[in-house]
Amino acid sequence: MKRCPECRRDYYDDSLLYCLDDGSALLEGPSSGEEGLGPASPPGTAEAQTKILGSGTAERPKQVPERPATLSKRSWLIIAGLVFITSLGIGGYLYYGRGVTGQIDSIAVMPFANEGDPDTEYLSQGLTESLIYRLSEIQSLKVSPSSSVLRYSRTNFDPVKVGQELGVNALVIGRIVQRGDDL
């Protein structure tokens, strides 16, 4: 307990150094039961928080306003970093993930290029036709017919442009090369 030597007020908060009324330095120890003051009350009671004056009126101690909690610079940097990383993640998802379903629902098999013996041209066309036929058996897959892709044989073409012209999500492009007895 601490006591103000000027106004003789008792304080039960040991962290206080100065009187809340007149600003005098507080002394250690309770009041000496001087005239006009009531008996010392234990901390936490309503009587301990008031001062009884000679006239019988009660006075509440002045409350020191608490300082509002503020965030340190480090906390602000952490929050800004988290916001930045989150916005990058959302932006990347929207930029790269937009319109991509992950499943191919239409395909075109381009004529296989024959890079070898011209006598094996029938083989490259036969492989293209066979692959188109096998893929067309899949119910959920739209396959461009061979008549629409044969016009691109023996030409250099842009796969993106051909895909847009044929209205497909994917292209199968291949080539046949003969090395010795191996194809």
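Q: What makes a space in the protein a cavity, and what makes a residue part of its lining?
A: A cavity is a set of grid points where a 1.4 Å probe fits but cannot get out, and a lining residue has an atom within 4 Å of a point. This is a predicted model, and Pro111, Phe112, Glu121, Ser124, Gln125, Thr128 and Leu150 line its largest cavity. About 30 Å³ of space lies in there, and a search of the whole structure turns up one cavity of 30 Å³ or more.

Q: How do you know which kinds of residue make up the lining of the largest cavity?
A: Sort them by type: three come out nonpolar, three polar and one charged. Pro, Phe and Leu count as nonpolar, while Glu counts as charged.

Q: What makes the second largest pocket a pocket, and what lines it?
A: A pocket is an open set of points, whereas a cavity holds a probe that cannot get out. This one has about 230 Å³ of space. Its lining consists of Pro111, Phe112, Ala113, Asn114, Glu121, Tyr152, Ser153, Arg154, Thr155, Phe157, Ile173 and Gly174. By type, that's six nonpolar, four polar and two charged.

Q: Why is lysine 2 called buried?
A: Buried means under 20% relative accessible area. Lysine 2 sits at 8%, so it counts as buried. This residue lies in strand β1 (residues 2-3). Beyond its neighbours within four places in sequence, lysine 2 has contacts with Arg9, Asp10, Tyr11, Asp14, Leu16, Leu17, Leu26, Leu27, Glu28 and Gly29.

Q: Is serine 24 buried or exposed, and how do you know?
A: Its relative accessible area is 18%, so with a cut-off of under 20%, serine 24 is buried. You'll find serine 24 in the loop between β2 (10-11) and β3 (27-28). Setting aside neighbours within four places, serine 24 touches Cys4, Glu6, Leu17, Tyr18 and Cys19.

Q: Why is arginine 8 called partly exposed?
A: Partly exposed covers what falls between buried, under 20%, and exposed, over 50%. Arginine 8 comes in at 41%, so partly exposed is the label. This residue is in the loop between β1 and β2.

Q: What makes a set of residues a nonpolar core, and which residues have the most contacts inside the largest one?
A: The members must be buried residues of the listed nonpolar types, joined through side-chain atoms within 4.5 Å. The largest such core has 16 residues, with Ile107, Leu135, Val143, Val149 and Leu166 having the most contacts inside it. β6 (106-109), α2 (121-136) and α4 (159-166) each supply at least two of its residues, and β6 gives the largest share, three residues. Leucine 135 is in contact with Ile107, Val109, Leu141 and Val143, leaving aside neighbours within four places in sequence. Another core lies apart, with six residues, among them Cys4, Cys7, Leu16 and Cys19.

Q: How many helices and strands does the protein chain have, and in what pattern?
A: There are four helices and ten strands, following β-β-β-β-β-α-β-β-α-β-α-α-β-β along the sequence. Of the 183 residues, 23% count as buried.

Definitions and conventions: Residues are numbered from 1 along each chain as its sequence is written. This is a predicted model: local features need pLDDT of at least 70, side-chain atom pairs count only at pLDDT 80 or more; totals for chains, interfaces and linings use all residues. Side-chain values use heavy atoms; hydrogens and water are left out. On a 1 Å grid over the protein atoms alone, a cavity is a set of points where a 1.4 Å probe fits but cannot get out, and a pocket is an open set with protein on both sides within 12 Å along at least five of seven lines; lining residues have an atom within 4 Å of a point. Grid points are joined across faces, edges and corners, and a volume is the space filled by probe spheres set on the points. Buried means under 20% relative accessible area, exposed over 50%, partly exposed in between (1.4 Å probe, protein chains only). Contact means heavy atoms within 4.5 Å.
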